Amino acid sequence: MNLDERRPTARRTTTPRTTGRRASAALVAGVLLLAGCTAPAKEQAPAGSASGPAASQAPDGFEKFYGQALEWTDCKNGLQCATAAAPLSWHDAGAGSIELALVRNPADGKDPQGSLLVNPGGPGASGVDFVRSDAENDGSTFGKKLRDAFDIVGFDPRGVQDSTPVTCFDDARKDESLAKDFDPSTDDGLAAMEAESRAWGEACAEHTGDVLGQVDTQSAARDMDMLRAVLGDDQLHYLGYSYGTQLGATYAGLFPGRAGRLVLDGAIDTTLSSDEISAGQSVGFENALRAYVADCQAGKGCPLPGSVDDGMQRIKALFDQAYERPLPTSDADRPVTRTLAFYGVALTLYNQANWPVLTQALTEAITSGTGDTLLYLADAYNDRNADGTYSSNSSEAFRAVGCLDDRGTTDVGEMRAEAAEIEKKAPTVGEFFAYGGTTCADWPAPLAKKEFDVHAKGAAPIVVIGTTNDPATPYAWAEGLAKTLDSGVLVTYEGEGHTAYSPSRPCVADVVESYLVDGDVPKDGTTC
């Protein structure tokens, strides 16, 4: 199954939602936990009213949502918090409502341009945590030029965390599921994998109810248009990472005339199927791991002697060993299985700064036969706290959104043929990306009907950024999305890791900020 494509942060020694999930996979949540709202806020912008111009932009029957007035409260670090109401269903105004959690960092400059919505990825990552993390770390995520020009607004999409959430397993059952290994090459192993996916769906349906069928990406994009109106903006200005690029492209396809300046970093090609995404990610993570091995071998103390191929084979042997004999840890009840070992390795590939931690984990596993560091990394990937609780519902939201947007083949012959092809192209990690069709085969909510124009005809220029050795969203996807969008403009970052925009990368930062703030469209094919 494909890994989660959330925006990684280098602040945790790990990153956020990242790796390619496999059959029993979860995802990496790199955003930090939302703190309570306490500190004084900056001056609030006036809210709209149900009879104002925002309401007039609403689809028939949804005027009260577009015209609502948000009540902003002061939050820690100068932030403001609010809760917006959204319709449960954008196709049935009478179906009830859900809540969307919001946080904004008001513009620091004297002439603010309005709001900039941001999304860190996933699906399942918290935009609220994302903006809060930037404020707590003195603007390490968003450059000063952006913070001066815009109220930066993060929101938890429907189904995610502090918004009306998807809820499935309790913590203990989630621990069990995220650690499970399967061998789907056998009939019994495939049946066990299918049964576990079915159990997820049953638990999500039992504990989430009608919301489970309403958390698709198109509904979230419609929420963004409502938020645009409620925030008082004529057009949506937006910065989305990883899965957030899919959300942004979907918005542009639904509302091309309201799409303002959109930047999509770590892009997903919206024309690809779920199976094609899994196959692409398998090669992306294989290539990223090869780059790590080469770097490790060029330094001192690398536990992977010989050639790069030798190093890759040693890591594959470690995965196989963990399947046969899970690596013991200081917690006797939580040995490192093959799946957990992969999570731990994959997390570090989201950001090159984390490679030394991977060397530490592999050295421990190979020389001592223990897995404490790998378990630490796997827990970070899955947003698991040291006390056994989970800081987010990213695993649940990832499944729920993905199963409404698209589903892989459930034909056993096709899955086995695809698995063979994947493992041929990605012999070290390919097994973790195969048989993704089992994840949604028995999902208790139907696929959402695709209603957006993948070309977003009529939209303003949309800047699409790809990193040449991005593991989670391979560079070819950025090329594909830029080509698919009628107004797509491709920007290339030559480097490692997932996504490119950061104040610490001046070339990319200048391109992004010049477009979002000044409207300067970069030349198609710009390379940093």
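Helices (H or I, at least four residues) and strands (E, at least two) are DSSP runs, numbered from the N terminus. The views below show a predicted model, in which local features need pLDDT of at least 70 and side-chain atom pairs count only at pLDDT 80 or more, while totals for chains, interfaces and linings use all residues. Residues are numbered from 1 along each chain as its sequence is written, and side-chain values use heavy atoms, with hydrogens and water left out.

**View 1**
Gln-161 sits in the loop between β5 (151-155) and α5 (171-179). Its phi is near 45°, a positive value in a residue other than glycine. Gln-161 counts as buried because its relative accessibility is 15%; buried means under 20% relative accessible area, exposed over 50%, and partly exposed in between, with a 1.4 Å probe and protein chains only. Asp-383 also has a positive phi, near 60°, and belongs to the loop between α13 (372-381) and α14 (394-405). With 2% relative accessibility, Asp-383 counts as buried.

**View 2**
Ten strands form an open sheet with mixed pairing, in the order β1-β2-β3-β5-β4-β6-β7-β8-β9-β10. Two strands pair if DSSP finds at least two bridges between them. β1 (73-74) and β10 (526-527) are the edge strands; each has a single partner strand, so one side of each lacks a neighbour in the sheet. β6 (residues 236-241) and β7 (residues 259-265) pair in the parallel sense over 5 bridges, and Gly-240 stands opposite Leu-264 in β7.

**View 3. Helices lying across the sheet.**
Helix α7 (residues 217-230) lies across β2 (80-89), β3 (92-105), β4, β5 and β6, and runs at about 130° to β2. Axes are lines fitted to C-alpha atoms, for helices over the stretch in contact, and angles run from 0 to 180 degrees between N-to-C directions. Contact means heavy atoms within 4.5 Å. Helix α18 (residues 506-518) lies across β4, β6, β7, β8 (462-469), β9 (488-496) and β10, at about 165° to β7. Asp-510 is found in α18 and is partly exposed, with a relative accessible area of 49%. The C-alpha atoms of Asp-510 and Gly-143 are separated by 9.4 Å, although these residues are 367 residues apart along the chain.

**View 4. The contact of α10 with α11.**
The axes of α10 (residues 308-324) and α11 (residues 338-348) come within 7 Å and cross at roughly 145°. Phe-319, Ala-322 and Tyr-323 in α10 meet Arg-338, Ala-341, Phe-342 and Val-345 in α11. By class, this contact has 6 nonpolar, no polar and 1 charged residues. Ala, Val, Leu, Ile, Met, Phe, Trp, Tyr, Cys and Pro count as nonpolar, Asp, Glu, Lys and Arg as charged, and the others, Gly among them, as polar.

**View 5. The largest pocket.**α14 gives the most to the lining of the largest pocket, with 7 residues. By class, the lining has 13 nonpolar, 15 polar and 9 charged residues.
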